[in-house]
Amino acid sequence: MYLNTHSCYSMRYGTIKPELLLQLAEAKGVKSLVLTDINSTSACLEFVRLSEKYEVKPILGIDFRNGVDQLFVAIAKNNDGFQEINTYLSHYLHSKEEIPPQAPDFKNAYIIYPLSKYAGQRLKSHEFIGVDIKEVQRLKFKKGPKEKMVIQQPVSFQSKRGFNAHRLLRAIDNNTLLSTLPRSEEGKVHHMMHEVSELLEVYQDFPDIIANTEQILDSCEIHFDFSEDRPHQNIKTFGNSPEQDYDLLCKLCKKGLEYRYPNANQKIYDRLEKELYIIKEMGFISYFLVCWDLLRYARDQGYYYVGRGSGANSIVAYLLRITDVDPVELDLYFERFINLFRKNPPDFDIDFSWKDRDDVTRYLFDKYKYDHVTLLATYSTFQYRATIREMGKVFGLPKHEIDVLASGNYQLHNLDKISTLVLKYAAFIKGLPNHLSIHAGGILISEKPIHYFTATSLPPKDFPITHFDMHIAEDVGLYKFDILSQRGLGKIKETLEVISYNKPNDSVVDIHNISYFKQDERIKELLREAKAIGCFYVESPAMRMLLKKLRADDYLGLVAASSIIRPGVAKSGMMREYILRFRMPERRNDAHPVLQDLMPETFGIMVYQEDVIKVAHYFAGLTLGEADMLRRGMSGKFRSREEFQKVKQKFFDNCNEKGYKPELTADVWRQIESFAGYAFAKGHSASYAVESYQSLYLKAYYPLEYMVATINNYGGFYRTELYVHEARMHGAEIHLPCINKSDYYTKIFGNEIFIGFHLIDSLETNVAQYVVEERMENGQYKDFDDFLDRVPIGIEQIVLLVRANAFRFTGKNKRELLWETHFKVKKEKKATHFVLDLFKVRRKNYKLPALEYSDVEDLFDEMELIGFPLSNNPFSILRDEITNEVRVEELPRYLGKRVCCYGYLVTTKNTSTSKGERMHFGTFLDRDGAFLDTVHFPDVAKKYAFRGKGVYQIWGKVMEEFDCYNIEVDQMYRMAYIEDPRYSEVKTANKRAS
């Protein structure tokens, strides 16, 4: 009887989760229920899937509204009708136009207009007038075609509390106080679900209305296949037929054999034959060909890419150049990627440079047509602390009270009524969807038009997105292609470009020749000593320490390290055990014989995702399908689903039948449970290692060029400042931006690096680009006046360049140039395009008195404009003298002793102990530029907090583990800088005259 029902996916309006909606319906005696979220289909497929658990027939529709103004409700008669209304809604979501009040002539959908909007127009056979329970009494006095009326009792909330939450959501959406929220922006308090018998009693005097409603419900039927053996809904064929596709795949593999394996042996042919058979049997040929075609396009455009994910386990992927990882060399487990028990298609994650990804994405949309291609959405949900802040604003609380509530530092019994309400409703709203976001890289290419499954929206990226996330997509048989972006590939590509102009006579090794890099001694040295700042995936403090502890310098060691560093392995204690077995071969005998046989490379320790499959299949006797379900369940894909619990129980039952001791079974399960959701597939780790080797090669042989590219691609793990420091440690001479030398991006000449204009805070991009373009076209600027004559620039932008010391080529100091700027430049901003005077008028120069300024002023200007000091190090401007200092190189002499160190803060990592207490790890640079690592346990973390960038005095005990030294901190203070001389009444003694 309910034709107009909203879930919480009527975002910032509804408050009922889809499953709760079904539970309410079953409890109220509802046999058929129509889900009609407002301008959204986010919950539709999940609603249908969940309905199988309840005695409720699902029907789908859309509540079409402009804002909260209801125009009409469309109800799909069948799947074709669902596609019709999805297509219609998508048009208006894309164009951002208002939806017309009159519905189109849908062929497979019913239309219901609210009674309040009916103006006597003639209704078509599929159109009706909706009457809610508060309007029934008016029908006796209102003219209208009652034979065309239906029950329209909206359902938006489950209780009075839900209605209150709805009002708060509406206030958040309108960015207004709850007390000033217009009634027109709210639903009605009676928009709740009643017992069916109660509802029929209200309409008992109007049997036609009841009959019309029942007729609509009975005639609608929607079906989507959510069964385990459902066929996938991705594009079925790449060419004209499956047979042609298979022939093309075989042809491409044959060609790939010549490229990858010039001397292929029988093992390779056997592996290829096996893979091709499974790929054909599973119907995944088109998936491989779509990826191959996309990457062929990328190579033609000169785009760098890395294929990773479990797809790297496939020799077919290797031959098609989807990945650069040799699965035969690494003995990669193909069944992790595809097996006859796994229904979902293979998983390729393909990384492109952040500069290239949009074009690659557009290629897919253009090739496979926009009505079959879409980006995948994610749901941004209300997070508890952020919701507290939103609630506080809506209730009108002052900021300081909101800050207290959000911090959690309060006693409940001390809170007033309003603050208590804020916490109460923040907890109620927490987890509800807030808005749609774009998945990091998921793209769907479907056989049927995408609107068969969902409406689409159009975010600023200008590519349509679904209304559901990857989990629902997979449930219905749609599997994503992951087209991702990362800055590491941009760095590699740009480094080669920088080398070509800075060292044009050098012959650079083919960046894809990974086998050469694996043998290179310089790269081995960087790995052993963990000197990999700027290098992909191996530069973080945790990875730097792991590499030093392992002292691994080979490919397999790096592949293992890439997965070991993931949170779960460390949490389970297996990272430490792996290091011990790596360094002490005699400990390898501690592994259970079955585990040692399954994972000899990693000494019987689970390191990769496929290790879960191996252990579950061979150790616990699960089928490959069950083992893969276990892996997916561990990764959070459906941790709460019943299938996962059944597999878990079978794991323990089988181990018991095999006679394993309960303690052994529990320990193996603990290892699986602790890391399976975090660990990489071995092929994924190997793909990461390939890119790491490429960046390590460039760092080893072209460190300055590589650092320039790193700066221009906005770094990696660290801030730009550290990469500038790293370049200096490799012998670079670092220069501030210069009007006559710098480009928009940072540039190198020999070993001299000129910081680019892009790093000057608040300098407008068009101004910086004009400065460079004008110089390239008409030659260097002769002096300050020449610059002013040639560049259309306002006074604020000139001041930024002067303060950044970009005019130092003139020989004038900053103060003098600032005075000249104010004399010679009008305050109004010049037009971007202006006409040069035919006869230039010489600018009047004024004789200024000697103007003085301190060298230290430059450092403070640099910290303000660039973000960090360039002309000197931060230790030089400390207010107090450094005493009792122990530097990093001296730490081994003080093992176990309490020392005092001084360090410039680089980065921190916040984590929690097993008891949930906050603790920190710190990374600093000492005065020699060496890394100083610190550990801050909870008691110290509470007492001595990090207070932002700067130099810290650090007291603590020198600790060592596996040749890595750190400080277990017991005291820490941020050192004060000298008074900023730019604003000081008394200037420092170190002055210079112009």
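Here is a walk through this predicted model, from its helices to its loops, rings and cavities.

Some ground rules come first: residues are numbered from 1 along each chain as its sequence is written, and side-chain values use heavy atoms, with hydrogens and water left out. As the model is a prediction, local features need pLDDT of at least 70 and side-chain atom pairs count only at pLDDT 80 or more, while totals for chains, interfaces and linings use all residues.

Let's begin with the helices. Helices (H or I, at least four residues) and strands (E, at least two) are DSSP runs, numbered from the N terminus.

Look at helix α30, residues 703-712. Here 10 of the 10 residues are buried, so the helix is largely enclosed by the rest of the structure. Among the buried residues are P703, Y706 and N712. What covers them? The cover includes the helices α17 (487-502), α29 and α31 (720-729), plus the strands β14 (747-749) and β15 (752-754). That cover is a matter of contact, meaning heavy atoms within 4.5 Å. After α30 comes Y714, with a positive phi near 60°.

Now compare helix α23, residues 574-583. Seven of its 10 residues are buried, so α23 too is largely enclosed by the rest of the structure. The buried set is M574, M575, E577, Y578, I579, L580 and R581.

Go to the start of α19 and you'll find a side-chain oxygen of D520 within 2.9 Å of the backbone nitrogen of R522. After α19 comes A530, whose phi is positive, near 55°.

Positive phi turns up in loops as well. D331, which is not a glycine, has a positive phi of about 50°. Find D331 in the loop between α10 (315-319) and α11 (334-337). Its relative accessibility is 54%, so D331 counts as exposed. D462 is not a glycine either, and its phi is positive at about 75°. This residue sits in the loop between β11 (433-445) and α16 (470-475). With a relative accessible area of 44%, D462 is partly exposed.

One more loop residue is worth a stop. R808 lies between α34 (795-803) and α35 (814-824), and at 28% relative accessibility it counts as partly exposed. Leaving aside neighbours within four places in sequence, R808 is in contact with H735, L736, P737, C738 and F754. A polar atom of the R808 side chain also lies 2.6 Å from the backbone oxygen of N805.

Next, the aromatic rings. Rings of Phe, Tyr and Trp (its six-membered ring) pair if their centres lie within 6.5 Å; planes under 30 degrees apart count as stacked, over 60 as edge-to-face and the rest as tilted. By this rule there are 49 aromatic pairs. One of them is F238 with W292, an edge-to-face pair at 6.3 Å centre to centre and 75° between the planes. F238 is in the loop between α6 (207-219) and α7 (242-260) and W292 is in helix α9 (residues 285-300), so the pair ties together parts 54 residues apart in sequence. W292 counts as buried, at 10% relative accessibility. Elsewhere, ring pairs link F64, F72, Y88, Y92, F106 and Y113 into a cluster.

Finally, which residues line the second largest cavity? They are Y305, V306, G307, D324, V325, S687, V690 and Q694. β8 (305-308) and α29 (682-701) each supply at least two residues of this lining. A cavity is a set of points, on a 1 Å grid over the protein atoms alone, where a 1.4 Å probe fits but cannot get out, and lining residues have an atom within 4 Å of a point.

Notes: Buried < 20%, exposed > 50% of the residue type's maximum accessible area, 1.4 Å probe, protein only. Polar contact = N/O pair within 3.5 Å; in protein donor to acceptor, adjacent residues only side chain to side chain. 1 Å grid on protein atoms, 1.4 Å probe; cavity = no way out; pocket = protein on both sides within 12 Å on 5 of 7 lines; lining within 4 Å.
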